[in-house]
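Thanks, everyone, for making the time.

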Amino acid sequence: MVGYLLRRIGMAVLVMFVALSVNFAIPRLMPGDPVEQQLAAVSAAGGQTGDMAEAAAAMRARLGLDRPLAVQYLAFLANSIRFDLGVSVASYPQPVAEIVLAGLPWTIGLLGTATLLSFVVGSLLGAMLAWPRAPKLLKFLALPVVVLSAVPYFILGIVLMALLGILWPVLPVAGGYPFGMVPNADFATALGIAKHGVLPGLSIVLASLGTWAVAMRGMVVGVLGEDYIMLAEAKGLSERRIFLAYGVRNALLPQFTQLALKLGLLVSGAILVEVIFAYPGIGYRLYVAIGQKDVFVVQGIVMLLSLSIALAMLLLDLIYPLIDPRVAARSA
Amino acid sequence: MSALAVRGLCVEFASARGIVRAVQNVSFDLAPGERLGLVGESGSGKTTTALSLLSLIRPPGRIASGEILLDGVDIARATPSALRRMRAARIALVPQGAMNALNPVLTCGAQFADLFAAHGAPGGTARIAKLLASVGLGVEVATLYPHQLSGGMKQRVCIALAIALRPAVIVADEPTSALDVIVQKQILKTLLAVQRDIGAAVVLVGHDMGLMAQFAHRIGVMYAGRLVELAFVRDIFATPRHPYTRMLIDSLPGFGARGVFKGIPGLPPSLLTALPGCSFAPRCPRAGPRCTVEMPQTRILEGGGEVRCHDA
């Protein structure tokens, strides 16, 4: 078991290392010299006079681009480990790490809640759909849910915004908290934040419920054909016990893999929803940074993305042996 | 007084091309402690018959008619809760696919515990250890997951589960079909030992006549959903009355000429369309004009056997 843990953690570190290296290499492989481009832009704006070559050399020295590639690479790795991602170009001299960390709680709060909610409700719904003796009402409920999953979440977001934010204005349509509010650790703040999360959260939940339900339904149908379900019936177990401990419990295993993947992609998962609702999460900040050509912020967020995927995979690897005893045995 | 009485059992499966009559008018009695073997080729309805005994036929299949009487209760018509109480407690199943018959995410011990809990029976580790010992397994098996056991061990666990509540009838549906020859023999010996111990009657389904001969008191031969012959082992091997039974026995490889296997030419008929006559007639070497137009009825023979054949 210790060997299994060490191997998995080692794997996660390796994935992070490769991701960082790619992140280092790609900007340097791109055509064009960013320093000269930058200077050209400044001079075009009329802000530059004097010797261009000298200015370029000074800028390279300041950014550390005059050092050998290997030294740059090691410095980059060292900085990344300390989460030193450089400074923002657009809102100089704010550190990139500060911008990223400010957006992270919003995204994790909104998308984490929405993803977990749609996973739980969708899987339960799908499992019930596959159960022969489930209430008939459920089958009718399933149709709109599946249809909604065919609608992209950002379209759903706009429709919800129009219905519940403008036609019948019960919920706020933009921002992460009430405009002008000074955040405090009190109930009013929490309520304000929760209210602002409803519409973006709902559009994500509604759009993904059907996917979870359909996948789960397929899994349960497969599991119900297994011999152990028949033996469970032959043992005279209650319907509830067979459904939960024999059916759902086994059908849920692949769903957990999906959940971990979804959680890994959380940071980038719903950029458009954050943009539509001007939600101050990572996605919105990425969108703004791309618009402002803020290279270091984009790079920092991309790094966070690969970090979160690696972390989610590690988490899955650590949890999976607990929910499926066969995995621990196979890889230990 | 019989332990189990099956009367005119018919099982149908609804399919897109019509109704498949998988079991037609099967009747037999099982004496307490008796071991009955059901043989037949694939699709003959032997497994369907066995699963019907616990009312485990799933849609689109259903028990269309007939009675399965156990303790004066008709299993074919019992309410779901009555059925739940009878399963495992009065009539238990040893499943066909031992490889896959245990829940992969529960330890073997937990799979005994939920059986006891469902029937409000006293459980506990001592009881489980005793059951495991009776099938030749150590107490540590209770803490193991199914994937940590061999195929033979899994089938032993299934047998221990089947006898846990000391049922009156054990239905063993090809319990050895996924195992190699050595293990097959051990499993059947185990089944025999525990069956003698608790005095249960057994219905053993299989296609190996040789294995059956060593285990059963009586053998029932099924063909195309019907029980075509039912007789004591000694009689059925000495004087098989139905031509199909005779050909089955003749097809057993002996120590004679090598490389010569006798089969039965032809294929069983489709169960979708009912033939007016005997369903074996198209393959039968002794079929006469009467066989293709008139369905033979079951006749009781001297010595207690019964056969469905005009010619027998």
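A salt bridge, as I use the term here, is a side-chain nitrogen of Lys or Arg within 4 Å of a carboxyl oxygen of Asp or Glu. By that rule A:K235 pairs with B:D114, with 2.9 Å between the closest N and O atoms.

Before going on, a word on conventions. This is a predicted model, in which local features need pLDDT of at least 70 and side-chain atom pairs count only at pLDDT 80 or more, while totals for chains, interfaces and linings use all residues. Residues are numbered from 1 along each chain as its sequence is written, chains are lettered from A and ligands numbered from 1 in the order in which they are written, and side-chain values use heavy atoms, with hydrogens and water left out.

Let me take the interface. Counting contact as heavy atoms within 4.5 Å, 25 residues of chain A meet 26 residues of chain B. The two chains bury about 2200 Å² between them, 60% of it on carbon and sulfur atoms, where buried area is the accessible area (1.4 Å probe) that two parts lose on being put together, summed over both. On the chain A side, A:M230, A:L231 and A:K235 lose the most area to chain B, together 27% of what that side buries.

There are 3 salt bridges between chain A and chain B. Helices α9 (227-234), α10 (239-264) and α15 (325-331) of chain A each supply at least two residues of the side that touches chain B; helices here are DSSP runs (H or I, at least four residues) and strands likewise (E, at least two), numbered from the N terminus.

Which residue of chain A does B:R58 meet in a salt bridge? The partner is A:E233, at 3.6 Å from N to O. Because B:R58 lies in the loop between α1 (46-52) and β4 (61-70) of chain B and A:E233 in helix α9 of chain A, the pair joins two chains. B:R58 is partly exposed, at 27% relative accessibility, on a scale where buried means under 20% relative accessible area, exposed over 50%, and partly exposed in between (1.4 Å probe, protein chains only).

Over all chains, the search finds 13 salt bridges. One of them, within chain B, links B:R283 to B:E41 at 3.4 Å between the closest N and O atoms. These two residues are 242 residues apart, in the loop between α9 (243-250) and β11 (299-300) and in the loop between β3 (35-39) and α1 respectively. B:R283 is buried at 10%, whereas B:E41 is partly exposed at 25%. Elsewhere, shared partners join A:K235, A:R241 and B:D114 into one salt-bridge network.

Now the interior. A nonpolar core is a set of buried Ala, Val, Leu, Ile, Met, Phe, Trp, Tyr and Cys residues joined through side-chain atoms within 4.5 Å. The largest has 104 residues, and B:L93 is among those that touch the most other members. Contacts of B:L93 beyond four places in sequence include A:M230, A:L231 and A:A234. A separate core of 40 residues includes A:A127, A:M216, A:L252 and A:L259.

I will finish with A:H196, in helix α8 (residues 187-224) of chain A. A:H196 is buried, at 8% relative accessibility, and its side chain reaches the backbone oxygen of A:A174 at 3.5 Å.

Terms used: Polar contact = N/O pair within 3.5 Å; in protein donor to acceptor, adjacent residues only side chain to side chain.
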